[in-house]
Amino acid sequence: MQKKIYLSGIKPTGTPHFGNYLGAIRPTIQASQNRQLDHYYFIADYHAINALHDPNLLRQYVYEVAATWLACGLDPEAVTLYRQRDIPEVFELQWILTCCTAKGLLNRAHAYKAQRDLNLEKGHDADQGINAGLYAYPALMAADILLFQANKVPVGKDQFQHLEMARDIAHAFNTRYKTSLFTLPEPDLEVGLVLPGLDGRKMSKSYGNTIPLFETPKKLRTLINRFVTDSSRPEEPKDPETAPIFHFYREFATEAQTESLRQRLLQGGIGWGDVKAELFSIVDEAMREPRARYAALMENPAQIDAILAKGAEKARPKAQAFLQQVRQAIGLA
Ligand code: TRP
């Protein structure tokens, strides 16, 4: 029996940070160990260019994302790991799908709507500074997913709507051409832990409150020390749940360590400075090996290229065969 397909993409628009790691990278690597499924992981490089216009940075981020996945334990032999650009069939399918996508559907996409609302708030023209790539983004994402007939796609809150749109678009195609060619993808909602950043808001590049994943130990310590805490003194009891550093801590600590810290906070007797020191030592230890693997990969981009090229070699024949069926269904073959 054909295995079900699990597919996940990351847009290379920044240096991976702990929020990306806990929200997307670690859960997808865990998922990849489920051998009941066939796994596709890709770097959504063409998605990046609606917002990222610096060629050198884009090149750098693509390597960083690939090296992060690999350094954190994704096994490129067991899964198919590739770059979107190496599967040009994605872009042909995007056009085909765009012609099955109601314009009104794209009007409602939240990334586009957010920028529009911001313009209106400022009294600007609603579409000022918005490129059609941002607008068409959900159709490209649908092409990524539908080309490989993915059954399950991990989505956090921010991507859930895009996945629903991929389903809508697939359904529109199937209905129009009286076919069941496209598989309707399901969201895998297990992922999407939202890690607080240094200022307590969601860790996100746009808030400037991130901790990059592969910082030197020295820099890591400095950043951890910058985490906001309340002003309670060491002897005062503290609420672990409202402390961003506690959320970070429990993602890396053992259950026993987490429980011990919880009790010490609740009872009072430990200051935030000591909590930060413990957090640093646990995270630093956890990152030691991945950090070394990451550094080795980043020093040898040719090795990353070779791994990604091999992934594309595995993926592309499937994409070509499926796209041919799509062309036939619409009368272009
Ligand atoms: N839009 C996703 C993000 O911003 C990246 C992405 C592109 C993706 N295509 C995808 C994720 C297909 C899952 C499936 O992070």
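**Helix packing and ligand shell**

Mentor: In this predicted model, helix 11 and helix 12 are roughly antiparallel to each other.

Trainee: At what angle do the axes of helix 11 and helix 12 cross?

Mentor: Helix 11 covers residues 255–267 and helix 12 covers residues 272–298. An angle over 145 degrees counts as roughly antiparallel. The two axes come within 12 Å and cross at roughly 175°.

Trainee: How many residues of the contact of helix 11 with helix 12 are nonpolar?

Mentor: Helix 11 contributes Q257, L261, R264 and L265, while helix 12 contributes W272, V275, E278 and I282. Of these residues, one is polar and two are charged. The nonpolar residues number five.

Trainee: Turning to the ligand, which element gives the largest share of the shell around the ligand?

Mentor: The residues around the ligand include L7, G9, Y137, M141, D144 and I145. Two or more residues of the shell come from strand 1 (4–10) and from helix 7 (132–147). The largest share, four residues, comes from helix 7.

Trainee: Which polar side-chain atom lies 2.7 Å from a nitrogen atom of the ligand?

Mentor: For H47, an N or O atom in the side chain is 3.4 Å from a nitrogen atom of the ligand. For Q159, the corresponding distance from a polar side-chain atom is 3.1 Å. The distance of 2.7 Å belongs to a polar side-chain atom of Y137.

Trainee: What percentage of the area that the ligand exposes when taken alone does the protein bury?

Mentor: Taken alone, the ligand exposes 370 Å². The shell around it divides into seven nonpolar, three polar and two charged residues.

Definitions and conventions. Residues numbered from 1 in each chain as written. Predicted model: local features only at pLDDT ≥ 70, side-chain atom pairs only at ≥ 80, totals over all residues. Heavy atoms only, no water. Axes fitted to C-alpha atoms, helices over the stretch in contact; angles between N-to-C directions. Parallel < 35°, antiparallel > 145°, perpendicular 65-115°, else oblique. Contact = heavy atoms within 4.5 Å. Nonpolar A, V, L, I, M, F, W, Y, C, P; charged D, E, K, R; others polar. Near = heavy atom within 4 Å. Polar contact = N/O pair within 3.5 Å; in protein donor to acceptor, adjacent residues only side chain to side chain. Areas by Shrake-Rupley, 256 points an atom, 1.4 Å probe, with all protein chains shown as cover.
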